[in-house]
Amino acid sequence: MQLQNNMEDKVDSIKCITAWKWRLRVKIVRLWFYTDPLAEDNEKLLHMILMDQNLDKIQATVKEPYISMFVDDLYVGGAFCMTSFSVVPNIGIMKMTHHRFKLLFQKGTTVIPEPSLQIRDSGFSFCSMFEILEKKSDYHYLIDFIGVITSVRHQTEVDYYGKKLKLMILEIYADGKKVQCNVFGKCCDSLDNSILMKFERLPVIVLQSFKIKVYGDEVCLQNVLNVSDILINPDLQETVRFLERLDVASYHFFSFKKNIHGSLVSYINHDSFDWRRIRTIQLIQQKMENGFFFVAGKIKQVVGDGHWWSFSCVCGHSVQKHSHDNFYCQVCDKNIDNVIARVKIIVEDSTSSGIFVLLNAAATKLFGKSCSVALDQFQKELNDFNHPLHPAFFELVVGKE
Ligand SMILES: [Zn+2]
């Protein structure tokens, strides 16, 4: 029969049956070891998020017997050519990526460094405040989020299946709104008061792989034990972009105060121009009061000699170039790659004149130091005077000059 002959032509031989040999050129954007916090045996898994040049991501997992074969070669930021994995469905209530599948490393998986592969994206998939707050039920994909910490409450320990875990409750601000964030266990270590209070303004926080939880009408974020991670003022292009976006919103953030319960609190004030807060430069220099003020004056000059740019770390501390294209932040105590540029101008009114820093991006404008603190610095170091200014001031004086 004609039909039967056609079907016989398409038959495969048994020896040809094989797993498809996938070959990927990828960068590792996350890598973490996982042990089930509830399991009796301590089986360890090595998880990674891999990203290719199309910026598509997939989770890959190495099980215990193979971890030692690969662990020394793999690192975050590394680029590799990888071949031969098992492919399994990406299911469950804590999916790390939106890909339909996950990869499992096998004995025959190969990992070869690929230094020529350049993927600059850091691999975060930030969820917006709007996307979080619109959720009506628990979300089965873990998300990344960036915001500013506006309060930190230390709770007593909570019971987690017979284990005692530390709990902290944060309030995080972004896009004009706040969301509560519950942090359990080891993740609390990066939220120690001594870390959070060393910065000159409220710290930027990046939540990595957090769960969106819905309790009744309340939406909040929560870490997943041994999976989620917290970064404070990370030296990333994403932090700079977030701070620049905040600048547009023009809010003031006041620095943390410790209340009687030991919690850190601060408040946010909308930065609308208020004539009652105008002060003369001389009054500010006399340190009569703390707070945010506006100055009406005229721009005498933009600080010249090639020094009219100054730079600040994403933590708000001003930094100077160490060597060629290399900055060092004393507060973060490390070399940093990502900085925010600011413009220095000299302003005078009828009483006095002073150097002000106009912020090209957010930094001290939003989070500001008090005038007195800024003045202290001014007297020590004339060229490094930080004072928060309202953009309206700029327009005001430009008109008058
Ligand atoms: Zn810093």
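Buried, in this talk, means under 20% relative accessible area. Hold on to that cut-off. The model is a predicted one.

Let's start with L165. Its relative accessibility is 14%, so L165 counts as buried. L165 sits in strand 8, residues 163-165. What does L165 touch, leaving out residues up to four places away in sequence? The list is E157, V158, Y160, F184, G185 and L225. Take G185 from that list. L165 and G185 are 20 residues apart in sequence. In space, their C-alpha atoms are 5.1 Å apart.

Y161 is in the loop between strand 7, 158-160, and strand 8. Is Y161 buried or exposed? Y161 is exposed, with a relative accessible area of 65%. Look at the backbone there too. Phi of Y161 is near 45°, which is positive, and Y161 is not a glycine. Most residues other than glycine have a negative phi.

There is another one to flag: S209. Phi of S209 is about 55°, again positive in a residue that is not a glycine. S209 lies in strand 11. Its relative accessible area is 5%, so S209 is buried. So Y161 is exposed, whereas S209 is buried.

Now the whole chain. The chain has 401 residues, and 48% of them are buried. Its secondary structure comes to 9 helices and 24 strands. Now look at contacts with a separation of 6 or more. Of these, 63% are between residues 24 or more positions apart.

On to the nonpolar cores. In soluble globular proteins, nonpolar side chains tend to be buried together. The largest nonpolar core here has 52 residues. Which residues have the most contacts inside it? They are I132, F145, L191, I205, L207, L221 and I230. Strand 11, residues 204-215, gives the largest share of this core, with 7 residues. At least three residues come from each of domain 2, 129-265, and domain 3, 273-400.

Zoom in on L207. Leave out residues up to four places away in sequence, and L207 touches I143, D144, F145, I172, C181, L221, D229 and I230.

N182 is in strand 10, residues 177-184. At 8% relative accessibility, N182 counts as buried. Its contacts, with residues up to four places away in sequence not counted, are L167, M168, I169, F210, C220, L221, Q222 and N223. Note L221 in that list. L207 touches L221 as well.

Next, aromatics. How many aromatic pairs does a search of the whole structure find? The search finds 6. Here is one: F70 with F105. This pair is edge-to-face, 5.0 Å centre to centre, with 90° between the planes. F70 lies in helix 2, residues 64-70, and F105 in strand 5, residues 101-113, so the pair ties together parts 35 residues apart in sequence. Both F70 and F105 are buried.

F105 also pairs with F85. Their ring centres are 5.7 Å apart and their planes are at 55°, so this pair is tilted. F85 is in strand 4, residues 79-89, and F105 is in strand 5, so this pair ties together parts 20 residues apart in sequence. F85 is buried, at 4% relative accessible area. F105 counts as buried too, at 3% relative accessibility. Put together, F70, F85 and F105 form one aromatic cluster.

Last stop, the metal. Which residues coordinate the zinc ion? The residues are C313, C315, C329 and C332, each through SG, at 2.3 to 2.4 Å. What is the arrangement? The 4 donor atoms subtend angles of 103 to 114° around the zinc ion, so the arrangement is tetrahedral. In sequence, the donor residues are spaced C-x1-C-x13-C-x2-C. Take the pair C313 and C329. C313 is in strand 19, residues 309-313, and C329 is in strand 21, residues 326-329. The pair links distant parts of the chain, 16 residues apart. Both C313 and C329 are buried.

That's the tour.

Key. Residues are numbered from 1 along each chain as its sequence is written. This is a predicted model: local features need pLDDT of at least 70, side-chain atom pairs count only at pLDDT 80 or more; totals for chains, interfaces and linings use all residues. Side-chain values use heavy atoms; hydrogens and water are left out. A nonpolar core is a set of buried Ala, Val, Leu, Ile, Met, Phe, Trp, Tyr and Cys residues joined through side-chain atoms within 4.5 Å. Buried means under 20% relative accessible area, exposed over 50%, partly exposed in between (1.4 Å probe, protein chains only). Helices (H or I, at least four residues) and strands (E, at least two) are DSSP runs, numbered from the N terminus. Domain bounds come from an automatic or database domain assignment. Contact means heavy atoms within 4.5 Å. Donors are N, O and S atoms within 2.8 Å of the metal (3.2 Å for Na, K and Ca); water is not among the atoms, so sites may look incomplete. Four donors count as tetrahedral if all angles lie between 85 and 135 degrees; four count as square planar and six as octahedral if opposite donors are over 155 degrees apart and all others between 65 and 115; anything else is irregular. Rings of Phe, Tyr and Trp (its six-membered ring) pair if their centres lie within 6.5 Å; planes under 30 degrees apart count as stacked, over 60 as edge-to-face and the rest as tilted.
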